Amino acid sequence: MVYFILKRLVQSVFVMLAVAFLAFSLFRFVGDPITQMTGVETSVADQERLREELGLNDPFILQFGRFTADMLQGDFGFSYRTRQPVAEMIATRIPATLELGVVALLISLLVGIPAGVYTALRPRGIPTQAILLTTLVGVSIPTFVIGIMLIFIFGVQLGWLPTFGRGGTVQIGGWESSLFTIEGWRALLLPAITLGVYQLTLTMRLVRAEMMEVMRSDYIRFAMARGVPMRRLHYKHALANTMVPVITIIGLQFGGVIAFSIVTESVFQWPGMGLLFLESIRFVDIPVMGVYLVVIAFFFVLVNLIVDLLYVAIDPRLRVRDVQ
Amino acid sequence: MLTIKDLSVKFPSRFGDFTAIEDVDMTIKPGEIHGLVGESGAGKSTVGAAVIGLLSSPGYIANGELSLGNTNLRTLTPDQAHDIRGDRISMIFQDPQTSLNPLMTIEDQLIETIQAHSDVSYADALKRAVDLLEEIGIKDAARRIKAYPHQFSGGMRQRVVIALAICTDPELIIADEPTTALDVAVQSQVLDLIRRLAKDRQIAFMLITHDIGVIAQIADRVTVMRKGRVMETGETAQVLGAPEHPYTRALMDAVPPLDHRIKRFRVPDEDGKGPVTGNAAEKWLLEGQQHALTGLTLTDICMRFRGPRTSLWRKPEPFVALNDVSLEVRPGSILGLVGESGSGKSTLAKAITGLITPSSGIMKLGDDILPDGKARGRKHPSRQLIQMVFQDPYSSLNSRHRIRDILTEPLWFYGFVPDAREREKLAAAMLELVGMQPDAIDKYPHQFSGGQRQRIAVARALLARPRFLICDEPTSALDVSIQAEILNLLKDLQAMFGLTILFISHNLAVVRQMADDTAVLRNGRIEEIGSTDSVFERPSADYTQNLLALTPVLPKAWQSTAVAG
């Protein structure tokens with residue numbers, strides 16, 4: 001057990017190093033940092049002095065080491081565009097993206113899992129066919145179209161919900177949250193649904209496929225032959241076994257939700273990391289882009305680690321050793 | 001008491017109804033073990049599923065009566081039927097590895113079953129569960145009940161499955177091949193347990209099996225089925241002692257006897273045809289015999305795998321799969337290698353074929369040393385001289401290749417026949433040699449039955465012109481009559497081409513029929529090795545004696561004498 005977790009931790013460190021290397025290469029080799037920092041009027045001598053001062057003439061490996069060490073201490077450098085520390089910029093944006101991502105994930109799970117179970121248990125029913133068809137439509141329309149449609153219907157035509165931005169945020173420590181006011185939730189709802197629809201479909205179809213597979217297994221047939229009450233059979237025996245493989249995918253999905261919230265954030269002008277990333281691309285703000293890359297990779301690694309731990313919690317075969 | 005009368009089950013399909021079983025009659029009294037025997041596709045399991053009401057969709061009962069005591073099982077609503085399941089009828093499945101929920105403790109599974117059918121407190125249910133496990137032969141049950149299924153060995157798991165089936169005191173238990181997945185020693189314990197439960201608790205058992213030996217050992221009455229119909233039914237001694245139906249006789253003849261060696265099995269369809277006849281393929285194979293007969297010598301073969309890690313700092317204890325195995329397969333002979341699952345039989349086969357690298361030891365094919373695993377190049381001559389026939393013919397043939405591609409591959413791969421048309425001719429001739437129609441060459445593997453596929457697998461191995469053949473459980477996935485055909489074929493081919501064969505099997509009777517010499521493997525060690533007659537008639541190791549005593553056989557009086565010789 002401990003060995004398993006340690007192994008995963010060591011693997012994670014290597015993944016993070018690889019990503020840091022990519023981010024560093026981006027920073028160092030996409031364009032010359034000096035020309036981007038200085039204007040046309042800076043003399044060549046001054047540029048050379050700056051280059052020497054910033055250590056850009058040092059060997060590559062030394063520069064990478066310094067970059068990694070700075071990162072580890074929370075020093076992410078400065079943005080070209082705003083001249084602010086990147087760490088601060090990211091920190092103010094993270095809460096918006098995380099809240100959006102978590103709510104989207106919750107929507108996809110709270111609707112996707114029950115729908116998957118229902119459609120697996122009644123594979124021939126008319127509601128099942130209807131659900132499958134609707135979600136098929138949902139998955140084939142691009143995210144931004146869904147977002148625009150939602151804005152049009154609920155924001156413009158019906159006027160029920162705001163169409164852009166975050167509202168009603170509350171400051172808790174350094175965390176700006178929109179989960180504590182009605183206004184905040186109203187603003188969150190549309191983008192979260194937009195972001196969650198695709199994951200919802202995926203979760204539902206996955207749960208359905210796995211559950212149907214599990215329902216055919218010997219231990220379910222045996223539980224059936226023993227007359228275990230149907231409710232317990234479906235929700236204790238079958239669902240738990242269904243979730244073992246599904247959890248992996250949900251974990252990866254969450255990483256994806258955070259990373260690919262760019263489109264949704266841009267449609268709804270949601271002030272999260274995705275929007276920051278888009279702005280940074282427009283201004284070739286390479287330090288911000290590099291850090292964004294590292295932060296997203298960190299989320300992926302973290303979520304995967306949590307999934308591994310959940311695995312151990314659910315499946316006794318990983319937790320308890322054979323006695324005999 | 002279970003009464004089945006004129007039972008028919010149909011499966012509707014696009015091409016009309018398929019009748020799985022027809023006009024089946026059967027009664028099982030309390031305390032009676034009723035054997036239901038037949039080959040795959042005979043509809044045995046369908047009878048069991050119909051009784052317990054778990055026919056797989058879209059199957060339905062088309063006709064007949066089905067009653068347990070005074071309850072008519074056919075008129076029950078789905079809810080009533082579900083209440084009866086577990087309460088009055090229960091079931092034991094074939095494979096204990098898959099029939100328990102891996103995520104729940106034994107305690108959870110036992111108690112939910114007890115509480116589903118009687119209104120008892122958790123503490124009472126727990127006490128009953130622990131008592132039951134003790135009764136069924138699980139030591140230290142109060143502690144072991146907290147364990148998960150994967151913490152039990154195969155035999156213990158099947159005991160837990162039986163405990164689950166009887167924890168509600170049912171009147172009838174349907175046991176669907178309850179011992180097929182178990183080793184002989186464990187099988188005999190489980191059969192004893194079933195017999196004891198039938199006697200002490202007056203539970204009626206429907207024992208579904210393909211193994212006539214098992215039926216002979218414990219069934220009170222027996223019903224023989226074929227193609228969904230009952231062939232014969234009655235007291236076991238009467239049906240097996242003086243079979244009225246020729247099919248029963250044929251089924252019994254196909255069972256290899258353990259106590260003597262017969263020349264050939266009598267196979268129903270093969271009568272008069274005799275051994276395979278020579279043709280182009282035979283000539284070609286004999287042509288390739290420049291090499292003399294080739295034997296195999298293994299000296300002190302050890303195989304260690306990395307064991308599970310128990311501590312972060314300590315080096316994991318290695319798992320020893322093979323421990324100083326030395327044996328010799330004499331040129332032109334068959335060596336039978338027997339042992340229970342996990343004894344290292346297949347590991348040894350993999351080491352010989354170079355699929356894994358032994359930790360130490362020397363392997364010699366003829367006079368040449370065989371390089372270990374990775375050191376053996378793709379072009380090393382032994383890759384052609386040693387061929388293998390695998391256990392499962394359903395997964396050992398590429399399902400997307402035609403038989404033509406499968407059979408001609410060794411011919412071009414080893415560079416025997418450069419001309420494509422010649423290759424094809426030879427492949428067709430080889431099909432004839434193994435007893436198949438040459439037009440099979442255009443078909444795909446899924447168009448053949450298990451026995452036919454195994455013939456194709458044998459043909460493929462022969463087309464590499466091997467001198468040494470490894471057969472790893474070649475018949476354990478097949479019905480007993482098909483097994484007899486394949487064994488006959490292997491014997492004929494061995495005699496014709498002077499092949500040297502390593503014949504791996506867990507079935508002692510099969511080895512008795514096939515092998516000149518026999519080696520008994522246990523936990524990676526050779527327990528005993530010698531000529532087959534001496535090993536079977538005068539076993540020196542306790543382990544071998546035990547194995548022989550526990551193997552279920554037909555009593556001698558019931559065996560057919562016509563084919564002995």
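Two residues count as in contact here if their C-beta atoms, placed from the backbone, lie within 7 Å. With that rule, 14 residues of domain 1 of chain B are in contact with 10 residues of domain 2 of chain B. This is a predicted model, where local features need pLDDT of at least 70, side-chain atom pairs count only at pLDDT 80 or more, and totals for chains, interfaces and linings use all residues. Residues are numbered from 1 along each chain as its sequence is written, while chains are lettered from A and ligands numbered from 1 in the order in which they are written.

**Confidence in chain A**
- Within chain A, helix H2 (residues 33-37) has the lowest confidence, a mean of 71, and helix H9 (residues 218-225) has the highest, at 91.
- Helices (H or I, at least four residues) and strands (E, at least two) are DSSP runs, numbered from the N terminus.

**Domains of chain B**
- Chain B is assigned domain 1 (2-253) and domain 2 (280-373 + 380-552), with bounds that come from an automatic or database domain assignment.
- The C-alpha centres of these two domains of chain B are 35 Å apart.
- On the side of domain 1 of chain B that touches domain 2 of chain B, helix H7 (184-201), helix H8 (212-218) and helix H10 (246-253) of chain B are the elements that give two or more residues.
- H8(B) gives the most to that side, with 4 residues.
- That side of domain 1 of chain B splits into 6 nonpolar, 5 polar and 3 charged residues; Ala, Val, Leu, Ile, Met, Phe, Trp, Tyr, Cys and Pro count as nonpolar, Asp, Glu, Lys and Arg as charged, and the others, Gly among them, as polar.

**Domains of chain A**
- Chain A gets domain 1 (2-72) and domain 2 (91-319) from the assignment, and their centres, taken over C-alpha atoms, are separated by 34 Å.
- Domain 1 of chain A puts 12 residues into the contact and domain 2 of chain A puts in 11.
- On the domain 1 side of that contact, H1(A) gives the most, with 10 residues.
- By class, that domain 1 side of chain A has 10 nonpolar, 1 polar and 1 charged.

**Where chain A meets chain B**
- Chain A brings 27 residues to the contact and chain B brings 29.
- Helix H1 (2-29), H9, helix H10 (230-259) and helix H14 (316-319) of chain A each supply at least two residues of the chain A side.
- H9(A) gives the most to the chain A side, with 7 residues.
- The chain A side comes out as 15 nonpolar, 5 polar and 7 charged residues.

**A helix pair in chain B**
- The axes of helix H3 (residues 106-117) and helix H4 (residues 122-135) of chain B come within 9 Å and cross at roughly 115 degrees; axes are lines fitted to C-alpha atoms, for helices over the stretch in contact, and angles run from 0 to 180 degrees between N-to-C directions.
- H3(B) and H4(B) are therefore roughly perpendicular to each other (under 35 degrees counts as roughly parallel, over 145 as roughly antiparallel, 65 to 115 as roughly perpendicular and the rest as oblique).
- B:Glu107, B:Leu110, B:Ile111, B:Ile114 and B:Gln115 of H3(B) meet B:Tyr122, B:Ala125, B:Leu126, B:Arg128 and B:Ala129 of H4(B).
- The residues of this H3(B)–H4(B) contact are 7 nonpolar, 1 polar and 2 charged.

How values were computed. pLDDT is the predictor's confidence in each residue, from 0 to 100.
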